[in-house]
Amino acid sequence: MFQINENYQKLPGSYLFSTIAKKVKAFTEANPDKDIIRLGIGDVTQPLAPAVIEAMHKAVDEMGKAETFHGYAPDLGYEFLRSAIVENDYKSRGCDISADEIFVSDGAKSDSANIQEIFGPDNRIAVCDPVYPVYVDSNVMSGRTGVYDAKSETWSNVIYMPCTMENGFVPEFPKETPDMIYLCLPNNPTGTTITKAQLQEWVDYANKAGAVIIYDGAYEAYISEPDVAHSIYECEGARTCAIELKSYSKNAGFTGVRLGYAVVPKDLKCKDVSLNSMWARRHGTKFNGAPYIVQRAGEATYSPEGKAQLKEQVAYYMKNAATIKTGLKNAGYTVFGGVNAPYIWLKTPDKMTSWEFFDYLLDNANVVGTPGSGFGPSGEGYFRLTAFGSYENTLAAIERIEKL
Ligand code: MLT
C-alpha cells in the first residue's frame, strides 16, 4: 500500500484564501440579490498595459511561424528578459547582480513555496507574524516546522517575530538563532515596511548568524518613500546571505499571466556549496520555463512606454489605498499601511476578532476583506483590505463601511 506525505495531514484547515472564497460563495448563494465588493485577496482588476498586450500579440504571431517559433525556453529564462531585469531592477539601483544569477519563473508564490527544497530538513525558519501563509505551509509540507499547537496557532519549530502596532510592525531579532529568515517587504499583509537602514541591520544579522534571508519583494513597485530599499541587494553584504524573489503580478497585473524571478547570488554559499548551482539544478529538473509569450510580456514592462503605463497603474491602485485609508480614518478606525504597499491593515473595532469582523463586514456592508488572524496569531484583532479593486468599487465599499 502506498503511503502519503504525512506532513500534509498536519496542515490546519485549508489555504486562507480558499477558506474565504468558500465563505463568500455560501453568502452569495444565500443572498443572491446582494452586490458584494471583494477587497479580500490581493488580485488585480485593471487590464494589462497596452505595451504588454502589444508584445504578447507580437509573440503570439511569432509562435505561428516556423522561422520564429519557440519551443522549450532556456532553463534560467530568455536572455532578453534576464538582461532587462539586470539593467532595470539592479544596475539602475547600483546593485551588483548578473544575468546568470536570475532565474525566471511562473511567479513569486511558487518560488517562495519551492525555495525551501534546497535547505536541510533541520533548518529553523523565522517568520514575521502575521505572515503570507505560503512560507510556513510550504515548510510544514516538507516536515520542517515541528508540532502544531492549535491553541496558540503556532508550530514548535518555527520562530515567530511578532509585528504589531506596539513595535510599529518592525520585526525584532529573535532570541533563538534562525537558519532561514523570511522577510516580505513592503509587507503583506500589514502594508507597512522598514527603512533601508533597518534592512541593513537584518543583512548584518544574517551574515553574522550564518542564516539565509528569503526576501520577497513582490510589492516593491509600491514604495513611495525615499529611505526604503527597492532590493535587498542595495544593502552591503546581501550577496552572501540573501535570495530575492520578485513578481510581475502586482506591478504589472500578471496575476493571471504568471511571471516572476528569483535572484540567487553566486556568493551565497553553505561551506563551499553554491546555492546558485543548487537552484539551477532544481530549476532545470522541475521547471520547463515560463512561456515565451509571457517572457516577452515581461520584457515589455521595461520599455519606456511599458514603464510609463505601469507607473500609472500603480498610481491608480495607490489612489485606492489613500481612499481606503482616509475613509476608514474618518470613520474612526485605526489604520496602517497603504503608503508603500497596496494593503491597508486596520484594527478591528469593539474588540471584535478578525473573523467576527469579517462576518460583520460581509453581512452588513457586503464587503469582503481578509481576517488578520488568517496570517498568524499576532494578526488577531486586525483586518486587511486590498487596494487592488476598481476605484468605483473601492469608493463604494468605503462609503458602505462609513455608514455602519
Ligand atoms: C494576497 O492576497 O495575500 C496575495 O494576493 C496572495 C498571493 O499573491 O498569492
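Tutor: Happy to! This is a predicted model.

Student: Okay, and which residue is the bridge partner of Tyr-182?

Tutor: Tyr-182 has Ile-214 of strand 8 as its bridge partner.

Student: What do strand 7, helix 7 and strand 8 make?

Tutor: Together they make a β-α-β unit, and it is right-handed.

Student: Is strand 8 enclosed or open, and why?

Tutor: Strand 8 is largely enclosed by the rest of the structure, because 5 of its 5 residues are buried. Val-212, Ile-214 and Asp-216 point one way, while Ile-213 and Tyr-215 point the other way, and all of these are buried.

Student: And how does strand 8 pair with strand 9?

Tutor: In the parallel sense again, over 4 bridges, with strand 9 covering residues 242-247. You can find Glu-244 of strand 9 standing opposite Tyr-215.

Student: Let's zoom out. How many strands form the sheet, and in what order?

Tutor: There are 7 strands in an open sheet, and the order is 2-10-9-8-7-3-6 with mixed pairing. Strand 2 (102-105) and strand 6 (158-162) are at the edges; each has a single partner strand, so one side of each lacks a neighbour in the sheet. On average, neighbouring strands of this sheet are turned by 20 degrees against each other, with direction ignored.

Student: Which strands does helix 7 touch?

Tutor: Helix 7 (residues 196-209) packs on the sheet and touches strand 6, strand 7 (180-184) and strand 8 (212-216). The direction of helix 7 makes about 165 degrees with that of strand 7.

Student: New topic: helix 6. Is helix 6 mostly covered or mostly open?

Tutor: Helix 6, residues 133-141, is mostly covered, with 7 of its 9 residues buried.

Student: Which residues of helix 6 are buried?

Tutor: They are Pro-133, Val-134, Tyr-135, Val-136, Ser-138, Asn-139 and Val-140.

Student: And which residue with a positive phi follows helix 6?

Tutor: That is Gly-143, which comes after helix 6 and has a phi near 80 degrees.

Terms used: Residues are numbered from 1 along each chain as its sequence is written. This is a predicted model: local features need pLDDT of at least 70, side-chain atom pairs count only at pLDDT 80 or more; totals for chains, interfaces and linings use all residues. Side-chain values use heavy atoms; hydrogens and water are left out. Two strands pair if DSSP finds at least two bridges between them. Helices (H or I, at least four residues) and strands (E, at least two) are DSSP runs, numbered from the N terminus. Axes are lines fitted to C-alpha atoms, for helices over the stretch in contact, and angles run from 0 to 180 degrees between N-to-C directions. Contact means heavy atoms within 4.5 Å. Buried means under 20% relative accessible area, exposed over 50%, partly exposed in between (1.4 Å probe, protein chains only). A crossover is right-handed if, with the strands pointing away from the viewer, the path from the first strand over the helix to the second runs clockwise.
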